[in-house]
Amino acid sequence: MQDLLVLTDRLTVGQITFITRVAIQILSYSSLFLLGLIILTHSPRIAPLETHDVLNRVVGKSTVTKTSLKWIAKRLFRRKSDPTPSSWLLLALALSLCYGLFVSLSDIGFIGFRSCAVPGATFQDFPASIKSESDARAVVAANVINGTDPSTVNSYRCDSSSDVSWGVNVTERVCTSWHNSTYGDPSDFRLLNSTDSDILMPKYLQRLNTSRSAVFDLNSFFMSTNGQPVFQPTISGGLAVIPHDSGVYAIVGVPNLSNQQKVDIPKTLALEVDMGCMWVGILGSKDPSGVLDFGKDAMLSDQQYKAQRLTSYHGSAVFQEPLAQAADSVRELMRPWFNASTVDANGYMQSFNNSYGIFSWDTEAQSWFPPSMGNGTISDSVDLTGYITGNCTAQVHQALNVDTSIWTRKSTNQPASACRLYQLRGSFIQNQTTTQGHKEMVCATSTSVNMVSATLEVDVGGNIMSNITHLPSTLNFVVASYFDILHDAPNIGDTSFNGFDFIEHYTLADNATGDLQHFIYQRSAFGATSGFSSGAGSAGTAFSQVGSVMLSVSSLDAPSIATINPAYFSATNFSDVTLTRWGGAVGASFLLSSVGYNGWAGLGSQALTVVSTGGKEATCYSFRYGAAFLPMIVATVAVIFWTLGLLVSARLHAPKKLEGIYGGLSPVIVAPIPGKPPKDSLLVWEKESDGPHLRAIVDGLPIDGGKSDTLATYMKNTKGYNDTLEK
């Protein structure tokens, strides 16, 4: 739209075209009418018959174009002259003829009208577009199990905690500062700012009815993906989840945006999960059309692998060294599987036996364990793999300065998970041959909770674009155990502690010298489709698990979550980025299914300005076609100013009455020349007893008045002018 001028957003192209054509016709007829007056104003008293004939035809609208063109040409090329030449008359006649051409030329200008979209109104909105208590209640209700009254579900928020020993070998992380209410009560939540994780709440939340409900309150909530990766950015209920090629991030406190709308959020909380994957130099393939083809595996030689492994690597540079060491460990574990004496031209060693990998038709990814070369049990393989990924996880946490102390103490001991082995597999067609293949990789993730400013925009096609800028801040993290104390259990005199999912609370505060990113501990998840959890119900629980979930897709999960592309022969790119993009989609599915915005927090939030970037229908005009209107506009302006000049000089009222003596059968030509005078005869207007008439001039005939007078001037200066013209 760089060369387009926005005309209106209220009228269509058809309406604009109709109005413009009507305006042009009005201008055309008005200007031609005024030009007639101008011509009559400048008509000479003494002129050849030809001149008087032209004037007669102008007034009578009869064959004016042909005769006027001839008349103008003779005067321009000096082939004819008048006794009293009038340049004004020549100009007026020329303009009268050209005006019709200018009007026709203006039709080209209509090509420039076209439909377009312009920005609509800018307005104020709030997170999840919450403008009233009913809006907030609806958002909260969308996060609880359908039919659940939010006021029946208790909320337990913790601001501080400490270790408490309950005896030998029993230590719990107990909350020391509670904020308890229900999800039907807005008073507590509306005071929270946008950088507090408690403005979120678990999804599919409900209160569990148990045999201990009278003395211990327990909530159930969903902590899982929805069974399918989410590859597209999504804005849902105050939360924007943006999967990308290297992971996923979530922005909190986002208003609902329609197509071609944009919002800037000056400060809010963002959860970011990055993922990197590195090929270990091992792959396998088989021809599915071969009845006895069980596939073969190949390992790239060390020299060639080390030269190539970073060329296809996709992810943060922080992961490169931990992943490289893990890949080398996997290769050492797998080396006995391959024949080092059979290196092909591409540098691959072939496997002794059939492929150990799993083949598939659709493109998918799942965790894998190298074949056991020890005691032959699956536990041996799992233990060796756990050793490799455990070292990798420790190196990732160390490289990112993750505080692991809080999750490794006795009261909150939880295993970490930041690395995992994945197998990318699928089918493709190469050189007219169908092939099933797999490629082994080692992947790592990191999770950070950050204060950001964010910009989100939805384009005309509904695609969401986003950008975040990190702001320096301080992160405060509180974790507390949530447990039930059972007395006289399992035996009389015994005390048992029944623990549930932890309470996790993340808050960010402004700090000009603080860090831009705060990397957190990634607790090991039970799987990508593990389902419900139970405890107090803290949205922060999802923060520490999303990175682990992205690494936990296995054969125990629903097959749909492992699917990258369900189509057969779609594995055209066994690249690292294919895996990291899918990992981000798994993380997006987990966040959208496990975490929702607490609508009550929206009531206390700051208003956000939503800007329209287009989408409202309007009529625009392309400048390049505007030149077609220019001649008509210039001519019209000239006619108007010319008319005003005559009006100011009091010369405009006469031409209207002169129409009577030029129109119809007038003028009557009076002797002394018998018959019809020749064209070069000079005729003069003279006042007769029955009105003005043209009289042929012969030598010696006296003429009243000056020879240079115009007819209007002569008639105005003649006694009884008005009476004469009215007869």
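The side chains of Asp-245 and Arg-581 form a salt bridge with an N to O distance of 2.9 Å, a salt bridge being a side-chain nitrogen of Lys or Arg within 4 Å of a carboxyl oxygen of Asp or Glu. This pair links distant parts of the chain, 336 residues apart, with Asp-245 in the loop between strand E10 (239-244) and strand E11 (247-252) and Arg-581 in helix H12. Helices (H or I, at least four residues) and strands (E, at least two) are DSSP runs, numbered from the N terminus.

This is a predicted model, in which local features need pLDDT of at least 70 and side-chain atom pairs count only at pLDDT 80 or more, while totals for chains, interfaces and linings use all residues. Residues are numbered from 1 along each chain as its sequence is written, and side-chain values use heavy atoms, with hydrogens and water left out.

The structure holds 18 salt bridges, including the three tabulated here. Buried means under 20% relative accessible area, exposed over 50%, and partly exposed in between (1.4 Å probe, protein chains only).

| Salt bridge | N to O distance | Relative accessible area |
|---|---|---|
| Asp-245 and Arg-581 | 2.9 Å | Asp-245 34%, Arg-581 32% |
| Asp-328 and Arg-309 | 2.8 Å | Asp-328 24%, Arg-309 12% |
| Arg-523 and Asp-501 | 3.3 Å | Arg-523 4%, Asp-501 13% |

Asp-302, Arg-331, Glu-332 and Arg-335 are linked in a network of salt bridges.

Helix H12 (residues 576-594) also contains Ser-594, which counts as buried at 1% relative accessibility. A polar atom of the Ser-594 side chain lies 3.0 Å from the backbone nitrogen of Ser-224. When residues up to four places away in sequence are not counted, Ser-594 touches Met-201, Pro-202, Lys-203, Phe-222, Met-223 and Ser-224, contact meaning heavy atoms within 4.5 Å.

In helix H5 (residues 133-143), the buried residues are Ala-136, Val-139, Val-140 and Asn-143. They cover an arc of only 95 degrees around the axis, which puts them on the same side of H5; the arc is that of the directions from the helix axis to the C-beta atoms. These buried residues pack against strand E7 (200-207), strand E25 (595-597) and helix H13 (599-603).

Overall, the protein chain has 17 helices and 30 strands, and 49% of its 727 residues count as buried.

Definitions and conventions
A polar contact is a pair of N or O atoms within 3.5 Å; within protein, one must be able to donate a hydrogen and the other to accept it, and residues adjacent in sequence count only if both atoms are side-chain atoms.
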